[in-house]
Amino acid sequence: MRRVEKRTIGAVLIFVFCFAIGVGIASHNGIGISDRAYVSAKSIEGNLVEAEAMKEEIERLNALIDDRRTKIAYYQSEKTTRAEQNAAAQDSRLEAMAAAGCTAMEGPGITIVLDDGAGALKEWETPGDIVVHDLDILILLNDLISAGAEAISINGIRYTADTEVTCAGHTVKISGVKCARPFVFKVIGDADSLYSEMTIQGGYGNILKECGLVFEVEKDDALHINASDGME
Amino acid sequence: MSDRNKKVAGYALVCVLTMIIGFFIAMQIKTTAVTGDYAGGMVSLAQAQASISEVANLRAEKDELNDELSKLEAQLKEYEKNSSEAAAADAEKYRMLAGLTDVAGKGVVITVDDPEAIYTQGGDSIITYNYELLLALVNKLREAGAEAISINDRRITAYSEISLAGSNININGSATAPPYEVKAIGDPQTLESTLGIRYGVLYSMKNDYGLSVQIAQKSEINIPRYTGRTSFKYAAPTEGE
């Protein structure tokens, strides 16, 4: 009798245990079928990155809101004269013009000269390897902006939100204007950090140099950069 | 059955049960230890939902702030108009040109994503490490006459960089991850035809890099404003030429 009891208890225990595991499996599978129990960690990583970016965007929006509030308060203040209000409106216009690249700019920065290679071609090289391509200019522009450039022109053409760089045979078209070598970039910003970013080991300029192209960077404490032609 | 056989059967049973439990524990650990740079493996539904709802909450907060900002700017515009009608009209025009206003219109939406295998088997993101493809794409969109461009809702302006930052790319100073949704306002047909040429940038993304690329014409696209830096520390505007 005792033996049988023990066995029964054992069997019941195993039954309950297996039942619990079964439920576990079933519920996992159940979710899996209806709305995917497991998603790829890559997609969740995307969410985390997006959440972080939104927090930063919220900060920027709050800063803009503060700025607009301050400006409104200035207009509303009884101390602000009519003439001062007018001056503020003109400032606001100039600020927008500058942001659009429609004013000339002055300040310190760097100049870059980018040119085709002048040396003899090595056995494995083709002429295409030592000429400046549109993508080279695009990558340098992007690196300059990452390095904090505030205004850029290439051969006198201002870089704006609409600027495209396209290959046009022996020339490169920038904002629709044909430009020939050498390409001279004028860049306003923190001269020291622009210089070090653009001459950094393994940077794109040095890669071009290693390929035989000409890439020279110089600091300049007083640059003048043209306004963009503006409205299209 | 002898007692000995019974004993063996019992051990075997315990063994199997323990293995099953082990399997579940292992799975649990695998699903939770996925934060950090390398994110292979799987994530539980609860975790996924938590992150989705966090993003949703932040987006709601962002939208609210955007609305507030719009209201304040409308109010500010009135003050500017009252002070100088001409200056206010000009300012509006240039803000639009600079990418400082929300815009809507017809155009195309292009979605660029890593191959499926990157998601299921892990590994480095191809599109992220070849981000110059996105530079080339933006450049071609501009060439095709796009009037406004965004990547994952980050407005592309003259101040926008696309740079590698860890295992993600930064656009306008904020990290973003694939898939990259590129929106462009302009003539949809011209945009799609320009991008769709053989051996063009989308062709190269698909055939040389194995990326998944989709392009669709849309009659209504909303592109948000640029919210980054617009003041200058080193450059001083001089009016006129």
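Tutor: We begin with pLDDT, the predictor's confidence in each residue, on a scale from 0 to 100. This is a predicted model, in which local features need pLDDT of at least 70 and side-chain atom pairs count only at pLDDT 80 or more, while totals for chains, interfaces and linings use all residues. Residues are numbered from 1 along each chain as its sequence is written, and chains are lettered from A and ligands numbered from 1 in the order in which they are written.

Student: Over which residues of chain B does pLDDT stay under 50?

Tutor: Where pLDDT is low, the predicted coordinates should not be read in detail. In chain B this concerns residues 34-40, where pLDDT stays under 50. Two residues are in contact if their C-beta atoms, placed from the backbone, lie within 7 Å; for residues 34-40 of chain B the model has 11 contacts beyond four places in sequence. Chain B has a mean pLDDT of 88, with 91% of its residues at 70 or more.

Student: How many helices and strands does chain A have?

Tutor: Chain A has six helices and nine strands. A residue is buried if 20 or more other C-beta atoms lie within 10 Å of its own, exposed if 12 or fewer, and partly exposed in between, the C-beta atoms being placed from the backbone. Among the 232 residues of chain A, 33% count as buried. Of the contacts in chain A with a separation of 6 or more, 74% are between residues 24 or more positions apart.

Student: How is burial read along a helix?

Tutor: An α-helix has 3.6 residues a turn, so residues three or four places apart point the same way. In helix H7 (residues 188-195) of chain B, the residues B:Pro188, B:Leu191, B:Thr194 and B:Leu195 are buried. Seen down the axis of H7(B), these buried residues fall within an arc of 145 degrees, so they line one face of the helix; the arc is that of the directions from the helix axis to the C-beta atoms. On the face turned away from the buried side, H7(B) carries the exposed residues B:Gln189 and B:Ser193. The cover over the buried residues of H7(B) includes helix H6 (132-143) and helix H8 (201-207) of chain B.

Student: What is the order of the strands in the open sheet of five strands in chain B?

Tutor: Strands of a sheet pair through backbone hydrogen bonds, either parallel or antiparallel. Two strands count as paired if DSSP finds at least two bridges between them. The order in this open sheet of chain B is S4-S3-S8-S2-S9, with antiparallel pairing. Its edge strands are S4 (154-155) and S9 of chain B, each pairing on one side only. S3(B) and S4(B) are joined over two bridges in the antiparallel sense, and B:Ile151 has B:Arg154 in S4(B) as its bridge partner. H7(B) packs on the sheet, touching S2, S8 and S9 of chain B, and its direction makes about 25 degrees with that of S2(B). Here axes are lines fitted to C-alpha atoms, for helices over the stretch in contact, and angles run from 0 to 180 degrees between N-to-C directions.

Student: Which strands stand at the edges of the open sheet of three strands in chain B?

Tutor: That sheet has the order S5-S6-S7 with antiparallel pairing. Strand S5 (162-165) and strand S7 (174-176) of chain B are at the edges, each with a single partner strand, so one side of each is left without a neighbour in the sheet. The twist averages 40 degrees from one strand to the next.

Student: How many residues of chain B are in contact with chain A?

Tutor: In chain B, 78 residues are in contact with 80 residues of chain A. Helix H2 (residues 45-83) of chain B gives the most to that side of chain B, with 22 residues. Pairing also joins the chains: strand S2 (residues 104-115) of chain A and strand S10 (residues 236-238) of chain B pair in the antiparallel sense over three bridges.

Terms used. Helices (H or I, at least four residues) and strands (E, at least two) are DSSP runs, numbered from the N terminus.
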